[in-house]
Amino acid sequence: MKFRRDAPCILIGSVVLIIAALSFFSNRLFSGLTGAVEEKQFNLIETILTSNLEAAQDKALARAEILARTPEIQASLAARDRAKLLADCAPMFAVQHEKYGMDQCQFHIPPAISFLRLHSPNKFGDDLSVFRPMVASVNQDHITRKGLVIAATGPAIFGVAPVPNPSGEGYAGSVDVGLDFGALLDALKASYQLDLALFAEEDPLKKFSPDLAASAATEDNRRGKLIKLHSTQWDLMKSLVGDADLKTGETRFYIRKAFGSTYGVVLLPLRNPAGEPFGVLAAAQDFSASRAASGRSIVLQILLAIFAIVLLAGAILVVLRGYITRPLQMLNERFATLAGGGDPTPVETSEPWCDEVRDLAETYEKLRTRATREHP
Amino acid sequence: MNPRILIAFLALFLLTFLKAGAEVPRDMTTLPLSGGLPVQVRTGLYFIDVESYQEHDGTFAATVDLRLKWKDGRLAYDLKTAPSGFVEFRDDKALAKLAEQWAPLVELSNSVGDPVFQNQLLRVYPDGQVEWLRRVKGQFRSEVAPENFPFDHQQLAVHLTVRNENERRVTLDFRQDDLDFSGVESTVNIPGWKLGLVNISRSPIAGFYGESNARLIAALGISRALGPGLGPIFIPLMASLLIPLMAVYMNKVQDGEFQIEAFELSNIVIGGLFAVIALNFTVNSDYPALGAGDNAVSRLFGLNYLVLAAALAVIVLLFRFNIVGKYCGKYVQEQLYLYIVWAAPVLVFATAAAIVLIAAS
């Protein structure tokens, strides 16, 4: 074993191992913190989406209930007076449609026959029980319902309320109000700077909204069995959401890069009142800030580790070699000269040696003085 | 007075009054309130061209189409009078028509000077829907964010501000249709930059007495294309780090004693200092934004000055005055010097790499 080489190697190796381990654990800790912040952000986005969908359903139902409790409307529906019902409600629908995103408003008579569509007054008399089971249920048990449904105009947020007879006895029919998803997504974009995309399954769209399905089903809009119907920034969203991402039926969070930034993406499955998934709502938010902070912390931790290793290695090398091995090497050379009968060189005892080396240096000086005296 | 004359006089007065009342023209320049307050002006902005981006003074020259849409029920007319589905006015006629009706006073509030030209297109639909398209070519000021230079993203923003009405009376809004309209022409090319997406966000500004005025910011995101253009900044910055390291490395140690005069080595460091100062001036004059804030370049300059100072300290304290040798012995001094020779470059270039990586993160 060569102390001059092996001792520093062992010490520096130990330093490297300890600092690398500490850096690794500290990095895990920071990554965990960043992950926790992003997890919270994902949960917040999910809460924003679900609470706004819930609020929109409440709004739809509230409007349906207002209509259902209006005596003139009750009387017109009970009398099956379509013209009067249209005259009573058309101005209201025009304002609601233009300003508040009311996409559809429809009156039905039991069991689930369309009586009047305010958004399409010339189309009526068709049976809705197959593709609007919520309407059939309300007409059966006279209990209000709300939910997300694919209707003739596409996916919408519905509230359905039973309409009692004006006399208070018996039952006249029901009314539903459908709010447009697009208006909701645009409002979310404006309020929260989220970018969103609404995807719906192509098969139910073809079945219940054939016109919409035909216009929307382009190759650019197709993602597996889903079709994009609405997006606040399609160029971005199509880079972030692929076929495979949409296959899962559960809420999903993931992080992906697009256009030079890192985005957090939330995929929220949309289910009809029967609990069957019919689409996905995708929301993306720029996570560049948290990712950059995480990247910075990794770089700084590595840099600090390098500094720590180099500085500690310096301390080890300078102390071991400067105080011990280098003076020993020098003394060793002089002892060797002395032992070999050569001309011994004096040692500068004024040097600030450490005590152990000083003792050795003084011993050498004594030997050298004696040798010089005996063999001048 | 004779009652008959009095009655005739009153009747004449009443008739005159009613006639005058009937002839009073409707003031169409007031806010269209039929839809309630605030009046929603739907807004979209399309970048037709970006002629130049002057990074040094944070401006860009662009041609943009600003589309404003609102509804004024007073302008509704019979569909039969407009077979095309709308009535259209262009340029001077559009301006004349706009002078007769209410229109939102939306200012491009970050424009620099007057626009080079403006074209107008006004369409009025039978239901009172108004669509006003303005093509504006001008210079716009856009804040430069150099923190992540040279891996930076910038926003070429156009600020659309309503000046004469507060947000409770007139608001700027956007829907899917406006977001679809807002984009950038595929032929746009800004040398040295890659185009991103156009984003619209609300950012109200303060009005009178705590009110706020509506403002939308339509911004085209661009990211710097890394290329040979960055060489003239980063190569000298990295090379200048070698000067103080060389000054320390040039010395020689023999049996714990330094062999080269400290004076000669300190000259190298002083020369390096002037080189870094000159480089700093050059970069600051070419890229003023880099000199103003905290970024990779300013940090690398800081590192350069720090290493120069450290080298000077080593030369003066270690080589000239042998401080370590006096207090710890010449062999400790020798070992410290041998350590500095390899440790200093490792630490300096690790720090420089970290600065660049932090900018890239």
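Q: Where is Phe181(B) found?
A: Phe181(B) belongs to helix 3 of chain B, residues 176–181. Helices (H or I, at least four residues) and strands (E, at least two) are DSSP runs, numbered from the N terminus.

Q: Before we continue, what are the ground rules?
A: This is a predicted model, in which local features need pLDDT of at least 70 and side-chain atom pairs count only at pLDDT 80 or more, while totals for chains, interfaces and linings use all residues. Residues are numbered from 1 along each chain as its sequence is written, chains are lettered from A and ligands numbered from 1 in the order in which they are written, and side-chain values use heavy atoms, with hydrogens and water left out.

Q: What does Phe181(B) touch?
A: Leaving aside residues up to four places away in sequence, Phe181(B) touches Gly44(B), Leu45(B), Tyr46(B), Asp65(B), Arg67(B) and Leu133(B). Contact means heavy atoms within 4.5 Å.

Q: And how many residues separate Phe181(B) and Leu66(B) along the chain?
A: They are 115 residues apart along the chain, with 9.8 Å between their C-alpha atoms.

Q: Staying with chain B, which residues of helix 5 are buried?
A: Among them are Ala262(B), Leu265(B), Val269(B), Gly272(B) and Val283(B). Buried means under 20% relative accessible area, exposed over 50%, and partly exposed in between (1.4 Å probe, protein chains only). The cover over the buried residues of this helix includes helix 4 (231–249), helix 6 (288–292) and helix 7 (296–320) of chain B.

Q: Now chain A. What is the order of the strands in the open sheet?
A: The six strands follow the order 7-8-6-11-10-9, with antiparallel pairing. Strand 7 (222–223) and strand 9 (252–258) of chain A stand at the edges with a single partner strand each, so one side of each has no neighbour in the sheet. Two strands pair if DSSP finds at least two bridges between them.

Q: How many bridges join strand 7 to strand 8 in chain A?
A: Two bridges join them, and strand 8 covers residues 226–231. Arg222(A) stands opposite Ile227(A) of strand 8.

Q: Which strands does helix 5 of chain A lie across?
A: Helix 5 (residues 181–192) of chain A lies across strand 6 (195–201), strand 8, strand 10 (261–271) and strand 11 (277–286) of chain A.

Q: How much of chain A is buried?
A: Buried residues make up 45% of the 376 residues in chain A.

Notes:
Axes are lines fitted to C-alpha atoms, for helices over the stretch in contact, and angles run from 0 to 180 degrees between N-to-C directions.
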